[in-house]
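Dear colleague,

Please find below the structure that I am handing over to you.

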Amino acid sequence: MGRARRIWVPRLFYHIVCRGNRRDPLFKEANDFLAFLHILEQLHEKTPFEIASYCLMTNHFHLQLRSQQESISKVMALINKRYANYYNTRYGLTGHVFEKRYFSKIIGDDAGMLEVSRYIHLNPVEARMMHLPEHYRWSSFRFYHQSTSIPSFMNIDALLQYFSGTIVEKKKTYVQFVNQGGIK
């Protein structure tokens, strides 16, 4: 029996989660994280998509992603295939890199957009890898917390639009919003 086709709603963001096969590491060293981010940059040039937040953990990753021109399935197939090719070549492996089909859930409302981004950015805190999300190098939180150059695939306005004030004030309010959702 075949799998059900995924629903694609071009105007909405999705929460995407993808795990390493057998929950093995997807990212063993800094160069792996950098390669994944480079792949996102390269693919974005040919197949535009937007990411509002991301977090790359050692054995999985989260993306808050929207694609208005290609289906989410197509975008994820491109991302995962490129990274699997990189990973297998880098470590002299063959076969599956990812556990199974990626998880995806449509984010249907404004509150969901903010909650998913908070969940994504707090992932390293919840995993007790860091005390504060701004200390984790491999998430998009730094684009909200600091003034730094933003990759072309990032759309921070997708989250900052929910706050008022200048860009600096919006970022500050967003950072407070995320940090108030710490470990409970």
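This is a predicted model: local features need pLDDT of at least 70, side-chain atom pairs count only at pLDDT 80 or more; totals for chains, interfaces and linings use all residues.

Histidine 60 belongs to strand 3 and is buried, with a relative accessible area of 8%. Its side chain also makes a polar contact of 3.4 Å with the side chain of arginine 19. Leaving out residues up to four places away in sequence, histidine 60 touches Val17, Cys18, Arg19, Leu26, Phe27, Cys55 and Asn123.

Glutamine 64 is likewise placed in strand 3. Its relative accessible area is 0%, so glutamine 64 counts as buried, the limit being under 20%. Two polar contacts of its side chain may interest you. One is with the side chain of serine 53, at 2.6 Å; in the other, a polar atom of the glutamine 64 side chain lies 3.0 Å from the backbone oxygen of methionine 113. Not counting residues up to four places away in sequence, the residues that glutamine 64 touches include Phe13, Tyr14, Ile51, Ile107, Val116, Ile120 and Leu159.

I turn next to the strands. Strand 1 covers residues 14–19, and five of its six residues are buried, so this strand is largely enclosed by the rest of the structure. Strand 1 pairs with strand 3 in the antiparallel sense, over six bridges. Within that pairing, cysteine 18 has phenylalanine 61 of strand 3 as its bridge partner. Strand 1 also runs antiparallel to strand 4 (residues 103–106), to which four bridges join it. In strand 4, phenylalanine 103 stands opposite valine 17.

The aromatic residues deserve a separate paragraph. The structure holds 17 aromatic pairs. One of them is formed by phenylalanine 36 and phenylalanine 61, whose ring centres are 4.8 Å apart with 50° between the planes, a tilted arrangement. Phenylalanine 36 lies in helix 1 (residues 30–46) and phenylalanine 61 in strand 3 (residues 60–66); the pair therefore ties together parts that are 25 residues apart in sequence. Both of these phenylalanines are buried.

A second pair is made by tyrosine 87 and tyrosine 91. Their ring centres lie 5.0 Å apart and their planes are at 50°, so this pair is tilted: planes under 30 degrees apart would count as stacked, and over 60 as edge-to-face. Both tyrosine 87 and tyrosine 91 lie in helix 2 (residues 72–91), four residues apart, which is about one turn of the helix. Is each of the two buried or partly exposed? Tyrosine 87 counts as buried, at 6% relative accessibility, whereas tyrosine 91 is partly exposed, with a relative accessible area of 22%. Phe36, Phe61, Tyr87 and Tyr91 are among the members of one aromatic cluster, which also includes Phe27, Phe33, Tyr83, Tyr86, Phe98 and Trp138.

Charged side chains are found over two rings. Lysine 28 lies over the face of tyrosine 91, at 4.5 Å from the ring centre. Arginine 118 lies over the face of phenylalanine 177, at 3.9 Å from the ring centre.

As to the interior, nonpolar side chains tend to be buried together in soluble globular proteins. Here the largest nonpolar core has 57 residues, and Phe61 and Tyr174 are those with the most contacts inside it. Helix 2 gives the most to this core, contributing seven residues. Apart from its neighbours within four places in sequence, tyrosine 174 is in contact with Leu114, Ser117, Arg118, His121, Phe141, Tyr144, Leu159, Leu160 and Phe163.

With a relative accessible area of 65%, glutamine 180 is exposed. Glutamine 180 and arginine 118 are 62 residues apart in sequence, while their C-alpha atoms are 9.4 Å apart in space.

With kind regards

How values were computed
Residues are numbered from 1 along each chain as its sequence is written. Side-chain values use heavy atoms; hydrogens and water are left out. Rings of Phe, Tyr and Trp (its six-membered ring) pair if their centres lie within 6.5 Å; planes under 30 degrees apart count as stacked, over 60 as edge-to-face and the rest as tilted. Helices (H or I, at least four residues) and strands (E, at least two) are DSSP runs, numbered from the N terminus. Buried means under 20% relative accessible area, exposed over 50%, partly exposed in between (1.4 Å probe, protein chains only). A charge sits over a ring if NZ of Lys or CZ of Arg is within 6 Å of the ring centre and within 35 degrees of the ring normal. A nonpolar core is a set of buried Ala, Val, Leu, Ile, Met, Phe, Trp, Tyr and Cys residues joined through side-chain atoms within 4.5 Å. Contact means heavy atoms within 4.5 Å. A polar contact is a pair of N or O atoms within 3.5 Å; within protein, one must be able to donate a hydrogen and the other to accept it, and residues adjacent in sequence count only if both atoms are side-chain atoms. Two strands pair if DSSP finds at least two bridges between them.
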